[in-house]
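Dear colleague,

I am handing over the structure below, and my notes on what was found in it follow. Please read them with the model open.

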Amino acid sequence: MPEKTIFLLIGQKGSGKSFIGNLFDKHFHIPFIRVEDWAKNIIRKRKPDDDAYIQEVFLAIENGIRKEMQKKQKLVFESLGLSAAFETMLNKLKVDFEVITIKIKADPQICLTRVKTRDQSIHVNISDKQMEKINKQFLDKNFNTDFVIENTSRNNFEIINEIESILNSLKSKQ
């Protein structure tokens with residue numbers, strides 16, 4: 001069993017992956033790595049659904065996560081998890097690390113509202129139509145994850161308690 005653990009938050013755009021990643025960081029001292037920054041640096045006027053771009057992004061994410069894991073025992077990062085390149089990256093990371101997947105669920109209308117009101121400078125910009133298409137693909141893909149966090153109408157305290165419950169359940173399995 002690998003000694004180092006990666007928590008991978010998977011969810012729709014606007015589901016609260018970054019928010020929950022920051023809660024892991026702030027309350028449990030498990031660093032949250034904003035991989036979207038790497039994607040933004042690679043895009044170079046390509047469309048976000050361009051295959052070559054997607055493959056390049058996931059290779060950069062895998063390499064970046066591996067580099068971070070040289071210095072850390074645990075970390076958290078996020079993804080939509082929709083592409084074959086994501087699956088390839090995930091399977092490669094699972095060879096060397098314990099990867100705990102956590103689906104972040106939220107009502108699609110709330111996701112849309114969150115995306116429209118968040119700081120666009122720290123996210124890959126897409127149109128409302130693209131976002132709705134991506135989120136529909138996510139909902140249609142029935143992910144099998146280790147844990148699920150419902151993030152539609154819960155407060156910070158409830159989510160922090162749920163994260164703590166997840167971490168405790170993993171400790172008890174060791």
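**Two helix pairs**

In α3, the residues Ile-54, Gln-55, Phe-58, Ile-61, Glu-62, Ile-65 and Arg-66 meet Ala-85, Phe-86, Met-89, Lys-92, Leu-93 and Asp-96 in α4. Contact here means heavy atoms within 4.5 Å. By class, this contact of α3 with α4 has eight nonpolar, one polar and four charged residues. The classes are nonpolar (Ala, Val, Leu, Ile, Met, Phe, Trp, Tyr, Cys and Pro), charged (Asp, Glu, Lys and Arg) and polar (the others, Gly among them).

This is a predicted model, in which local features need pLDDT of at least 70 and side-chain atom pairs count only at pLDDT 80 or more, while totals for chains, interfaces and linings use all residues. Residues are numbered from 1 along each chain as its sequence is written, and side-chain values use heavy atoms, with hydrogens and water left out.

Helix α3 covers residues 51-69 and helix α4 residues 84-96; they pack at an angle of about 20°, with their axes 9 Å apart. Axes are lines fitted to C-alpha atoms, for helices over the stretch in contact, and angles run from 0 to 180 degrees between N-to-C directions. α3 and α4 are therefore roughly parallel to each other. For such angles, under 35 degrees counts as roughly parallel, over 145 as roughly antiparallel, 65 to 115 as roughly perpendicular and the rest as oblique. The crossing of α3 past α4 is right-handed (the near helix is turned clockwise from the far one by less than a right angle).

The other pair is α1 and helix α7 (residues 156-173), which pack at an angle of about 70° with their axes 10 Å apart. That makes α1 roughly perpendicular to α7. From α1, the contact is made by Phe-19, Ile-20, Leu-23, Phe-24, His-27 and Phe-28, and from α7 by Asn-156, Ile-159, Ile-160, Ile-163, Glu-164 and Leu-167. These residues of α1 and α7 divide into nine nonpolar, two polar and one charged.

**The chain as a whole**

The chain has seven helices and four strands, in the order β-α-α-α-β-α-β-α-α-β-α from the N terminus on. Helices (H or I, at least four residues) and strands (E, at least two) are DSSP runs, numbered from the N terminus. Of the 174 residues in the chain, 45% are buried. Buried means under 20% relative accessible area, exposed over 50%, and partly exposed in between (1.4 Å probe, protein chains only). The chain exposes about 9,700 Å², and carbon and sulfur atoms supply 51% of it.

Gln-12 is in the loop between β1 (5-11) and α1 (17-28). At 1% relative accessibility, Gln-12 counts as buried. Leaving aside residues up to four places away in sequence, Gln-12 touches Lys-17, Leu-80, Ile-104, Ala-106, Pro-108, Cys-111, Asn-135, Phe-138 and Leu-139.

Pro-108 lies in helix α5 (residues 108-117) and is partly exposed, with a relative accessible area of 37%. Pro-108 and Leu-139 are 31 residues apart in sequence and 9.0 Å apart in space, C-alpha to C-alpha.

His-29 is in the loop between α1 and α2 (36-42). Its phi is near 55°, a positive value in a residue other than glycine. Most residues other than glycine have a negative phi. His-29 is exposed, at a relative accessible area of 66%.

Regards

Notes:
Accessible areas come from the Shrake-Rupley method with a 1.4 Å probe; for residues, only the protein chains shown count as cover.
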